[in-house]
Structures are given as C-alpha cells and as structure tokens.
Amino acid sequence: MFLNSLNIHATRLLEKVEPPNFELLPSDEFRQTLSLIKEIFDSYSNSVVTVNTKKDDYIQILDCVVEPMVQMASLSAINLPAIDMAVYMINCIYSIHSMLSLYEYTDPKLEKLEAQIDAHLDTLSNEQGYFILSKTDLLDAYKIIQGHDKKARGPLVNVLGMDSNTLKSSMNKFDVYLSAPDNLIVPQFNLLLSSNIRTKLKQKSIRLVCDAYRLIYDAITDPENGYSNSASIMARSPDQILEFDLDCVP
C-alpha cells in the first residue's frame, strides 16, 4: 500500500513538468519530493524493523522515486541551451545525492548519481573550454589545425587565418586570459550549487584548454609548417600553461 502511494506520487511528478527558474534550481515539486523521502527515511530511525527489512525498504523506495525525479528534471530542461541544461541537471541530481548521502544503504544509487553528474559535467567543461578558446580567438586556429593535411594543403603558415600576426594577436588575448582566468567563465558557472563541482569544472575545462593549446603549440613549432618565428608566437610551453592554470584553481 505504501509503495503504491509512492509510485502514484512518482508518476505524478512526470505530469508536473515545468521549465526551470532563472536560477536553474530544482522546482518546488522536486524539493518537496526530496523532503518526502527524507521524512520516510527518518521515520525508520524510530522503527523496530530489522536491518534487512530496512535495507530492502530503502532500495525499493529509491527505485520507486529517484529515477522519476531525474526524468522530471530532464524533461524540464529539454528546451534549454546546452550549458543551462547541464547546470540545471547537475543541480537537481546533486540535490538528490546530498540528501541520500545522509543515509545507509544508498551507495549504489549514489554511484549512479555521481556518474550522471560527471556526464553533465563533461558537457559543461566542454562548453567552458570552447568559451575560453572563442574569447581568446584561438578556436579558429584549433579547428584549422585539427583538420589540416600538410600533404594536401602545404605548410600551415600559408593557410588563411594562420599567419604569424593573426596568431600573435590571439596569443596576446590568451595572455590576458592567463592573467585573470576568472574573467572568462560562463555566467552559469555561479549557479552551480556545489563548490566542489565548481572546482571540478574549472579543473576539467583548464585541461581541455591546455590540450587545445598543446595541439596549437605542436603545430606552430613544427618546422614543416613554416613558422620561422615560432618561439615568439608560442612563448610558453604547454606544461607551463597547465601548471599556471591549475595553480589558479583553489
């Protein structure tokens, strides 16, 4: 009877889908369901059920409610831009994770939720990395180098947009980014509920930017690509960039 009522509640969640608020926080209905689960779990503290019964009940309750909650969040976010969707999903899943971490027998669900957070974090870090490359004018160079075939198109220096002056201009903007990396963060970054997730996002996006920088560096310093002044274009090694950027992460 109890689980039937919970199943009905979970089904109704999917009927109450609405667009996320401006702050990309879980909806009132979502938070109320979290409170319901907490009340149910807390009630077991004063019960006399056996450990095995408690464990089985917890598992059944979570199986009944958690997935519909994630589906509700996903349906709510379906029309959002990629960055907004990732932030909203992370905030919702993190809210479930934070509550469940207070209780026993929730480890399997916690691991699944962590994997889901990581998947959305990958999306967000990719968007953040591309944001940095775009704002420093290195995105075009990165894409050109990725698709460049020296045998078919000759040295990179002869490709439109890959001349020394253009690259130096981009590297000057990249130097400005290095002097104040927090100035190039997507606005939605501060809407993430978890400070730990914000730190992980910075680390992952920095590594993506450094990987892109390494690709550009290797191409420009390759003698076959025709840059006689490569040292003046790429003044810092990829390892120096990585070390500098990671030092900026608290």
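This is a predicted model: local features need pLDDT of at least 70, side-chain atom pairs count only at pLDDT 80 or more; totals for chains, interfaces and linings use all residues.

Guide: Residues are numbered from 1 along each chain as its sequence is written, and side-chain values use heavy atoms, with hydrogens and water left out.

Visitor: At what angle do the axes of helix α5 and helix α9 cross?

Guide: Two packed helices are described by the angle between their axes and the distance between the axes. Here helix α5 (residues 107–135) and helix α9 (residues 195–220) cross at roughly 50°, and their axes come within 8 Å. That makes α5 oblique to α9; angles under 35 degrees count as roughly parallel, over 145 as roughly antiparallel, 65 to 115 as roughly perpendicular and the rest as oblique. Helices are DSSP runs (H or I, at least four residues) numbered from the N terminus. Axes are lines fitted to C-alpha atoms, for helices over the stretch in contact, and angles run from 0 to 180 degrees between N-to-C directions.

Visitor: Which residues make the contact?

Guide: Contact means heavy atoms within 4.5 Å. On α5 the contact residues include I117, L121 and L124, and on α9 they include I197, L201 and L208.

Visitor: How is the length of α5 checked?

Guide: The expected span of a helix is 1.5 Å times one less than its number of residues. The 29 residues of α5 should therefore span 42 Å, and its end C-alpha atoms are 41 Å apart, which agrees.

Visitor: Which residues of α5 are buried?

Guide: Buried means under 20% relative accessible area, exposed over 50%, and partly exposed in between (1.4 Å probe, protein chains only). Among the buried residues of α5 are K109, L110, L113 and G129. Their cover includes α3 (51–76), α4 (82–100), α6 (139–147), α8 (164–179) and α9. After α5 comes D137, with a positive phi near 65°.

Visitor: Is E29 buried or exposed?

Guide: E29, in helix α2 (residues 28–43), counts as buried because its relative accessibility is 19%. Apart from neighbours within four places in sequence, E29 is in contact with H9, L13, K16 and M72.

Visitor: Where is P187 found?

Guide: P187 lies in the loop between α8 and α9, and is exposed, with a relative accessible area of 63%. From C-alpha to C-alpha, P187 and E29 are 26 Å apart in space, and they are 158 residues apart in sequence.

How values were computed:
Helices (H or I, at least four residues) and strands (E, at least two) are DSSP runs, numbered from the N terminus.
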